[in-house]
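Here's a quick tour of a protein model, written for someone new to reading structures. Have a look at it first, and then we'll go through it topic by topic.

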Amino acid sequence: MVRTTLMARNTDMRWRLPLVCLLWEVAMIVLFGIFVRFNPEADAAGWQKEKHHKNITSDVENDFYFRYPSFQDVHVMIFVGFGFLMTFLQRYGFGAVGFNFLLAAFGIQWAILMQGWFHTFEQGKILIGVESLINADFCVGSVCIAFGAVLGKVSPVQLLIMTLFQVTLFSVNEYILLDLLHIRDAGGSMTIHTFGAYFGLTVATILYRPNLEQTKAKQSSNYHSDLFAMIGTLFLWMYWPSFNSAVSSHGDAQHRAVINTYCSLAACVLTTVAFSSMLQKKGKLNMPFLESRLRIQDTCGVHNLHGMPGIIGGIVGAVTAAAATEGVYGKEGQVKASTFTLEKLTVLCYTGTQDAATCGILKLPFFGDPTDENCFEDNVYWEVPGDEEANLYCMHDSNEKSVTDQ
Amino acid sequence: MVRTTLMARNTDMRWRLPLVCLLWEVAMIVLFGIFVRFNPEADAAGWQKEKHHKNITSDVENDFYFRYPSFQDVHVMIFVGFGFLMTFLQRYGFGAVGFNFLLAAFGIQWAILMQGWFHTFEQGKILIGVESLINADFCVGSVCIAFGAVLGKVSPVQLLIMTLFQVTLFSVNEYILLDLLHIRDAGGSMTIHTFGAYFGLTVATILYRPNLEQTKAKQSSNYHSDLFAMIGTLFLWMYWPSFNSAVSSHGDAQHRAVINTYCSLAACVLTTVAFSSMLQKKGKLNMPFLESRLRIQDTCGVHNLHGMPGIIGGIVGAVTAAAATEGVYGKEGQVKASTFTLEKLTVLCYTGTQDAATCGILKLPFFGDPTDENCFEDNVYWEVPGDEEANLYCMHDSNEKSVTDQ
Amino acid sequence: MVRTTLMARNTDMRWRLPLVCLLWEVAMIVLFGIFVRFNPEADAAGWQKEKHHKNITSDVENDFYFRYPSFQDVHVMIFVGFGFLMTFLQRYGFGAVGFNFLLAAFGIQWAILMQGWFHTFEQGKILIGVESLINADFCVGSVCIAFGAVLGKVSPVQLLIMTLFQVTLFSVNEYILLDLLHIRDAGGSMTIHTFGAYFGLTVATILYRPNLEQTKAKQSSNYHSDLFAMIGTLFLWMYWPSFNSAVSSHGDAQHRAVINTYCSLAACVLTTVAFSSMLQKKGKLNMPFLESRLRIQDTCGVHNLHGMPGIIGGIVGAVTAAAATEGVYGKEGQVKASTFTLEKLTVLCYTGTQDAATCGILKLPFFGDPTDENCFEDNVYWEVPGDEEANLYCMHDSNEKSVTDQ
C-alpha cells in the first residue's frame, strides 16, 4: 500500500515525460529547419557541381558508398549492442533497451547540431552527410556508456536531461581535443570511452543512494536475462572493427584499423576468460565475460569496462605515436599519424570535474526519480505484462512455505 | 478431450502442408529453369561484354558492390525484423518467426518471377541481379505486414495461399503505379506499406471470428516475449535507412534518402514515447513502442503501424514533389523527383477492393485453419518442448488452489 | 553429496583454463610479432607504392571496400549465428554461446598464422589483409560445426585443444585441396562443411559415453531456448550469400554466387518444412527447422546438417563443373570454373582417418571433462544466476508430490 503511494508520488511520468519529449523534438525540428542542410555529396545540385569540379564521372564515387556499411554496423552497436548489453538485470530489461533507445534517438539529433556547429558550419549552415551520422552515433555511444553507471536508478526525464548535458559537453571536449590541440584519438579512447565512463560515474556519485544495498535481489540477473545480454555483448564485440575504422582516412589506414581491432579483440577474449576463471573459487566463468561483478552505484561496472581501458588506450597511443617512424608509415603516413601528443592526458583532468558542476541539476526534485525500493524495477515506468503473474508467484511462494512449515 | 478431437479434425497439417510446399517448390524450380537468367552484371559472358561495351576496366565497378550492403540490411529486416517483431504473443513465438520465415522464403521466389515478367523480361527471359533480390524482399515485406493482421488466426497453408495472391497482386499494382502511371514511391509508402496493411486487414475481415474475445489471455505478451519482440523492432528501426535507399539512384539521391530516414526515425521515437506515456493513466510506457494495443482481428495493429502512415506518406510526398523547384534539386534532379502525381491516391482505392474478391478463397474449409480456442497457440502447428511442463503447471496450479482452500 | 565431489574432482577449471588461455595467448602474441605484417593494401608505405605501381589515383580503390561488408556478415555468422544456433539445450545456453565465443576467438588467431604460412608467406613474413580475416573466420566456422557434435560433453580446455588440432589440420587439408590439387571449392562445401562435420563426429566417437541416455531431460529444449536458437538459425541463413561469395573473384562471379545462394536457400526452406511436417505424426513442425532431432553423441545433428550436404555439394559441383561450357561462362570464365576435379572425393577419405589419430589426445584424463550426469549442464563451468531458484524448484517439486500423495 505504502509502496503504491510512493510510486504515485515520485514516478508518474504522464505529463513530465511527454512534455520534455515534445518540447525537445519541436526545438530539434526548428533548429534543423534553420541550420541543417545537405553537404555537397548528399545535395542534388551540390553533387552535380562536385562531380564537375572534381572531374568525377560516376555516381558510385560518392563517399556514401565507402562509409555507409560501417555506419550501419555502428548504428547496430548503439541500439542493439548497448541496449541488450544492459538487459542482464532480471527486472529491468524494458528499461535497458527502451531507455537506451529513447536517449540515443534524442542524443543523435542534438549531436548532429552540436558537432555541426563546431565542425561543419559554413555560411550559417550545418552541412551534413553520412559521416555526420557516424559521428552523432559515436557521441551518443558515450552517453550509452554513462547510462550503464546509472542504470536502474534514474527516471527517463533525468536521462534525457543527462543526455542533453553530456552531448553538449562531449562536443566541446571533442572540439578542444581534436581541433584546438590537434590530438588524434583513434577509436575514440579519450573522447568516447574515458569521457563517457567518467561522466557517468560523476552522475552516479552525485545521485548516490546510501541505502541501495537492500534491493540486492533485483540487481541480480537470471538465466535468460543473461542470454539477452549476450546478444548485446556479441554485437558490440563483432562490430568493433567498424567502430574503430568508420571515420578513418580511406585506403590503408581504414584497412589497418580493422585488422588491428580484429586481432586485439580476439586476444582480449582469451585473457578475459583466463582472469574470469582465475578469480572465481571453483574456476567458473561469468556471463557475460566483459561485465564486471555488479557493484552498487556503478550498475554496469563502466569504470572497469570503459574508464581504465580508455586511459590505457590513451597512454599506449601516445607511446606508439612517439615511436612511429618514417620507415613504417612512409612520409605521408607519418604526418597523418604522429600528431598525437601527451597533451591528451592533461585535457582529461578538466573533463571529469567540469561535468560535476553542470549535472548537479539532476538532483532537483521534480524529475521523477525512483525511490530506493523502486530501483532496478521495470514496473515503475513500464506496463509489465507478467505483473499479475509475478504477484501470483509471490503469493504462491508464501503458500509454499506454509505448506513446508506444516 | 473435445479439444484434442477438434484439433485433429481441423489442423493436422501432415499431408496438406508438405503437399503445398513441395508442389509449389517444384513449380518454382521449373519456372526458374525456363525463365530466369542472370543479367549482364551477374553473367560471366555478359559482364565481359558489358565491360568492353562501357569501357570499364575494373571488376569492382560492378553494380553489385553498391547495392549488396543495403540488400543484406533489408534481408535482415524481413527475416529477423518482421519475424521477431511478432514474437510478443506469449504462446505464438514459433509461429511468428517460423511462419514468417516460411512465407517470406516462398514469397521471394514468386516475387522474382512476377516482378521479372513485368520489369526485366527480355527475349523471353527474366534477367536478374542483386536489385531483383532487393525488390523481391520489398514485395515480401508487404506480405509480412499483412501477416501481422492475421497473426495467430490462420494455418500455414492459408498463409502460403495468401502469399501467392498477395505477391501477384503486389506486382500488378506496382506495375500500374510505377510503370503505367509513372509514380515515384520512395520508401514504398504506397506499394509496400499501404498495400500490405489494407490487404492484411481485408483478409482479417473476411476471416472474421465473432467469438475470439474468449481467448484474451493468449493474446497477451509476457516479459521475455516482449524482449524478443524488441529485437525485431530494433532491427527494423535501425536498418530503415537501408530499406528506404536500397534501390534509389546512385549518388546524392541514395545519400540523401539515408540521411532523411535517419533523422525522421530519431524524431519518431520521441514523439511515440510522448504519446505512449500520455495515453496511459500513470504515464507508463508500452513495449515495444511501435506496437499499438492489441485489438482482436488486427493482431499486430497494422492499420496504425503501416496503413495510416502509408497514406500520410503518400500525401506528404505529393505535396513535397509539387513544391520541388529547380533551385533545390538542380535541373536533372527535378526531372527525377517531380514525376509524382496525385493519381497515386486514386489508384489506392481500387486496390483495397480488388483483393477482397481474390482472397475469398481462403474461407474454403480444407486449409486447416485453427478453431477459435486454438488461435494464438503454437501447440497446434508446432512441437512445443515445454508442453509437458505446461500441463504440469496447470495441474499444479489447481493443486495449489486446493491446498489454499483447505 | 557424491555429485559435488565428482564435480570438484573432474571439472574445476580454476588453474587449467587460465593457464591454457594465457599460455596460448602469449604464444600467439610472440608468433604474431615475429611473423605477421600488413599486406600492401593495408600497409601505409606499401599502399603508396601499390597506388603508384598500379596507377591508382583514389584510396577507395583499396580492396578493403569490396570485401569488408561481406566480412562483417561472416563474422556475425560465426559468433551470433553458430553461438545462438546451439542455445536450444535448456541448460546449456551459456556454454553454447560462451564456449563458441572462446574457441572462435582463439581459433581465428591460430588460423591467421597457419593459413598465412601456407598461402601468403613472403620473405619470412605472413602478409595479412581483410581477406585473411575472412579466411580465418571460415576456418573457425568448421570448428564451430565440429563443436555441434560434442556440445555439452566436453570441457573448455578440451575445446581449446580440439580447436588447435582442427585449425592445423584444416589448413593442411585446405593447402592440399586448393594449392596442390587445384580444386575449386565454392562455398567451402569440402574444406569447411564436410571436414568440420566429420572431424566433429570423429571426436564424438572417440569420446563416446555409453550411459548418456540417462540425462535425456537435460538434452531437451524449452520454449525460450528454442527462440534463442532461432536467432542463430536466422543469422546463419540470412548471411549465407555473404559466406558463399566473400572470397569469390570480383565482378560477375561474386554477384552470381550471391544470387544462387539466395535462391537455393529460399527453396530449401520450403523443402525442409515439407519433410519436417511429413515426418511428424500430426504434421507439426520442429524448431528450429534445420536442426535434426537430437541424437546422443551428435548433439547438434551435424552429420545431417553439414556432413551429407557437404558431400552432395562436392558431387554436384564436380558434375556441374564438368558440364560448364564456353558458351555459358565465356572463354575466361571457363578457365576459372573448370579446374574442379573428382580428386576432391579421394582426398576426403584420408581426412576422416587422419584426425582420429591426432585427437586421441583428448581422452587424456586431466582436461576436466564432465561426468555423464554433468553433461549438457551450464552449472559445471559457469556461475548460473538462477541456481538457488533451480534448487528451490527441485525441492518444491518434491514437496508438491508429497502434497499430492497425501
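At what angle do helix α5 (residues 93-119) of chain A and helix α7 (residues 156-180) of chain A pack? They pack at about 35°, with their axes 9 Å apart. Keep in mind that this is a predicted model, where local features need pLDDT of at least 70, side-chain atom pairs count only at pLDDT 80 or more, and totals for chains, interfaces and linings use all residues. Residues are numbered from 1 along each chain as its sequence is written, chains are lettered from A and ligands numbered from 1 in the order in which they are written, and side-chain values use heavy atoms, with hydrogens and water left out.

**Chain A overall**
- Chain A has 15 helices and three strands (DSSP runs, H or I of at least four residues for helices and E of at least two for strands, numbered from the N terminus).
- Of the 406 residues in chain A, 61% are buried (under 20% relative accessible area with a 1.4 Å probe, protein chains only; exposed is over 50%, and partly exposed is in between).

**Annotated stretches**
- An unreviewed UniProt entry annotates "transmembrane region" over several stretches of chain A, including residues 133-152 and 220-239 (such annotations may be inferred rather than shown by experiment).
- Residues 133-152 of chain A are 90% helix and 0% strand, and the end C-alpha atoms sit 28 Å apart.
- For residues 220-239 of chain A, the figures are 80% helix and 0% strand, with 28 Å between the end C-alpha atoms.

- Helix α4 (residues 64-85) and helix α9 (residues 223-238) of chain A cross at roughly 145°, and their axes come within 6 Å (axes are lines fitted to C-alpha atoms over the stretch in contact, and angles run from 0 to 180 degrees between N-to-C directions).
- Among the residues that meet here are Val76(A) and Val80(A) from α4(A), and Phe235(A) from α9(A).

**The core**
- The largest nonpolar core holds 342 residues (buried Ala, Val, Leu, Ile, Met, Phe, Trp, Tyr and Cys joined through side-chain atoms within 4.5 Å).
- Phe235(A), Phe235(B) and Phe235(C) have the most contacts inside that core.
- Beyond its neighbours within four places in sequence, Phe235(C) is in contact (heavy atoms within 4.5 Å) with residues including Phe235(A), Phe235(B) and Val76(B).

**One residue in chain C**
- Ala111(C) lies in helix α5 (residues 93-119) of chain C.
- Ala111(C) counts as buried because its relative accessibility is 0%.
- Leaving aside neighbours within four places in sequence, Ala111(C) is in contact with Gly116(C), Ala136(C), Cys139(C) and Val167(C).
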